[in-house]
Amino acid sequence: SVTTLSAEPVEPVLTVDFSAVGTTTLTLSVTLPPATVDGYLVIRKAGSRPTDVPQDGVTYAKGNNVGEGTIAYVGNDLSFVEQDLTAGTTYFYAVYAYNGNGTTTNYLV
């Protein structure tokens, strides 16, 4: 059987903001595009920018790895709290809008 992907989002997440930055926690907030998206996925990497991207048709969960990065969030809440970060470490984030779920998930990379 053939699985058809959902329509790819036409616009990326518009803004990413960090607040309440503490020693081991922070809040990440996004502004979603005016065009409807089902959600967004956030990849975190310590020390350098995440370069690996999510694969269409793959479902990810918080804590999964994408290459050398770690999934920090998947969903559609406009903000989330990162906890249990390592003090003194610089983290970099990449954010990808998506449509669909399960094997129909289509990420805008």
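In which strand is Thr 27 found?

Reply: The model is a predicted one, and the description below rests on it. Thr 27 lies in strand S2. At 17% relative accessibility, Thr 27 counts as buried, because the cut-off for that class is under 20%. Leaving aside neighbours within four places in sequence, Thr 27 is in contact with Asp 17, Phe 18, Ser 19 and Ala 20, and also with Ser 79, Phe 80 and Val 81.

The largest nonpolar core has 13 residues, of which Leu 28, Tyr 40, Val 42, Phe 80 and Tyr 93 touch the most other members. Two or more residues of this core come from each of strand S2 (26-31), strand S3 (39-46), strand S5 (69-75) and strand S7 (91-99). S2 gives the largest share, three residues. A second, separate core of nine residues includes Leu 41, Ile 71, Tyr 96 and Tyr 107.

Val 42, with sequence neighbours within four places again set aside, is in contact with Leu 28, Phe 80 and Tyr 93, and its other partners are Thr 70, Ile 71, Ala 72, Tyr 73, Ala 94 and Val 95.

An open sheet is formed by five strands in the order S4-S5-S3-S7-S8, with antiparallel pairing. Strand S4 (65-66) and strand S8 (106-107) are the edge strands, each pairing on one side only. Within the sheet, five bridges join S3 and S5 in the antiparallel sense, and Leu 41 stands opposite Val 74 in S5.

Technical notes: Residues numbered from 1 in each chain as written. Predicted model: local features only at pLDDT ≥ 70, side-chain atom pairs only at ≥ 80, totals over all residues. Heavy atoms only, no water. Core = buried A, V, L, I, M, F, W, Y, C linked by side-chain atoms within 4.5 Å. Buried < 20%, exposed > 50% of the residue type's maximum accessible area, 1.4 Å probe, protein only. Helix = DSSP H or I, 4+ residues; strand = E, 2+ residues; numbered from the N terminus. Contact = heavy atoms within 4.5 Å. Pairing = 2+ DSSP bridges.
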